[in-house]
Amino acid sequence: MKRILAAIALAMLVAGCHDQSDQAKKAVMATLKDPASVQWRDIRAQPRKDSWGKEHPVICGEYNAKNSYGGYTGFKPFIFEDNRLHIDDDIAMWLSDCQ
């Protein structure tokens, strides 16, 4: 019985991370000039404990997309935590969550 419950809990955690990854991708795509051109790499969920000790995933990865001139800009890091996207200028303080 304990194994079954553990398997169910693991499946729910994996499903939750997948949902978070999808939300992270949608948030990144909403910032792009050409969302259809986006390329992804190294997307992963890192567990992080909040100030109350509750663990939740932080979604980290890199994206590359075309700019308004039609050229790719190169891969850039992103972090998605608590339904907030961190890219560009404010990312430095969040990178430690994804190592």
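Author: Let's start with pairing: two strands pair if DSSP finds at least two bridges between them. Strands themselves are DSSP runs of E, at least two residues long, and helices are runs of H or I, at least four, numbered from the N terminus. Here, β1 (residues 39-49) and β2 run antiparallel, joined by nine bridges. Keep in mind that this is a predicted model: local features need pLDDT of at least 70, side-chain atom pairs count only at pLDDT 80 or more, and totals for chains, interfaces and linings use all residues. Residues are numbered from 1 along each chain as its sequence is written, and side-chain values use heavy atoms, leaving out hydrogens and water.

Reader: Which residue in the turn between β1 and β2 has a positive phi?

Author: That's glycine 53, at about 85 degrees, in a hairpin with five residues between the strands. Proline 47 sits opposite proline 57 of β2.

Reader: Which strand does β2 join besides that one, and by how many bridges?

Author: β3 (residues 76-81), through five bridges, again antiparallel. In this pairing, tyrosine 63 is opposite lysine 76. β3 then pairs with β4 (residues 84-87) over four bridges, also antiparallel, and phenylalanine 78 faces isoleucine 87 across that pairing.

Reader: Is β2 mostly covered or mostly open?

Author: Buried means under 20% relative accessible area, exposed over 50%, and partly exposed in between (1.4 Å probe, protein chains only). β2 (residues 55-64) is mostly covered, with eight of its 10 residues buried.

Reader: How do I read a nonpolar core, and which residues make up the largest?

Author: In soluble globular proteins, nonpolar side chains tend to be buried together. A core here is a set of buried Ala, Val, Leu, Ile, Met, Phe, Trp, Tyr and Cys residues joined through side-chain atoms within 4.5 Å. The largest has 10: Ala24, Val28, Leu32, Val38, Ile59, Tyr63, Ala65, Phe78, Phe80 and Ile87.
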